[in-house]
Amino acid sequence: MFLQDPHEFPEVTEFVQKEALRCRLSLLTHSLGYVDGLREVLQVLPNTRAFVLGTRVGDPHADQLDGVFTPSTAPYPPFIRVCPILRWKYRDVWRFIRGFEIPYCCLYNQGYTSLGNRLDTSPNPALATKDPERPFLPPWALVHGDLEREGRRKKEANDVVSDEKFGMLEIREAAMIVIGNEILQGGMADMNVRPTAVALRRCGVRLSFVAMVPDNVNHIAEVVRDLSNRFEVVVTSGGIGPTHDDVTMKSLAQAFGEPLRRDAEYEKRIRAHYETEGTFHDKYVTMADIPQISRLVFHKDAVSESQTSGFPIVKTGNVYSLPGIPTYYLR
């Protein structure tokens with residue numbers, strides 16, 4: 001059943017019709033509004049006893065639901081509301097869609113995270129980038145699931161969402177992943193956990209969990225997936241150098257289901273750093289291979305506010321990756 005809004009996105013209509021054909025579904029389309037549309041469907045199909053809905057906790061009117069199976073209430077006609085994903089979080093939806101390669105509307109690749117109609121829905125500002133060639137991150141890169149509906153506002157209202165809402169001020173707990181065989185084998189002591197905990201605490205954030213993992217792509221990817229779903233921010237230390245056992249970026253790409261790309265700005269900084277030292281080698285530029293959705297976070301001088309020439313932090317979703325060598329990590 002497709003309850004088509006008078007101001008429906010044409011992309012939504014096209015997607016629904018295409019998927020109905022692909023899945024060989026009988027599609028009933030109505031533009032009468034939700035209540036009247038349901039009543040008409042029940043007149044056409046009087047033996048219908050239940051409707052499956054995609055409602056989740058946090059959606060409008062979800063507080064009226066007692067559980068997965070809930071009888072309808074006035075003014076709706078009598079039926080059972082079946083909500084199989086009621087307890088799912090935003091990230092669960094996209095993990096399911098991507099894991100099973102389920103088709104989705106193309107608008108989600110244009111910055112949208114929740115779709116109403118053309119009059120009340122805009123791209124989500126939480127996914128906006130400063131890259132004109134890629135103005136929005138993909139929907140699964142949204143860190144704060146409670147911002148899913150930030151695009152559901154009147155376009156003419158020109159609402160502005162404060163950057164602080166997406167920053168460290170709302171984050172209360174973080175996790176850290178220390179990567180490296182040398183630490184687990186006792187060849188080197190970790191020197192990054194304590195200063196990380198101190199720095200986070202100054203921001204009002206508690207470092208609640210630390211994992212130490214070997215230089216293994218599958219192992220790292222599994223831990224990243226787990227912790228990035230459980231914590232709002234994850235910090236990784238180590239595994240981003242140019243040697244064969246530096247596999248953090250490959251692991252992040254696997255964890256987020258993204259290909260690697262060569263970042264031009266990162267490569268430029270790598271070349272400048274090592275050429276200045278007179279130690280440049282072609283293999284060093286492989287450090288600039290980062291996941292497709294990653295972006296660089298540059299250090300700023302505390303006085304001038306200008307970017308420093310040091311290596312950037314690689315931000316992939318809610319995961320921030322830093323070098324393991326303390327002299328670079330602590331800069």
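User: Where is the place of R152 in this model?

Analyst: The model is predicted, so that local features need pLDDT of at least 70 and side-chain atom pairs count only at pLDDT 80 or more, while totals for chains, interfaces and linings use all residues. Residues are numbered from 1 along each chain as its sequence is written, and side-chain values use heavy atoms, with hydrogens and water left out. With helices (H or I, at least four residues) and strands (E, at least two) taken as DSSP runs numbered from the N terminus, R152 lies in the loop between α3 and β6 (173-179).

User: Which residues does R152 touch, not counting residues up to four places away in sequence?

Analyst: Contact means heavy atoms within 4.5 Å. On that basis, leaving aside residues up to four places away in sequence, R152 touches S114, L115, G116, D120 and T121.

User: Is Q4 buried or exposed, or partly exposed, and at what relative accessibility?

Analyst: Q4 sits in the loop between β1 (2-3) and α1 (10-22). Buried means under 20% relative accessible area, exposed over 50%, and partly exposed in between (1.4 Å probe, protein chains only). Q4 therefore counts as partly exposed, its relative accessibility being 24%.

User: What separates the C-alpha atoms of Q4 and H30?

Analyst: Q4 touches T13, T29, H30 and S31, not counting residues up to four places away in sequence. Although Q4 and H30 are 26 residues apart along the chain, the separation of their C-alpha atoms is 5.8 Å.
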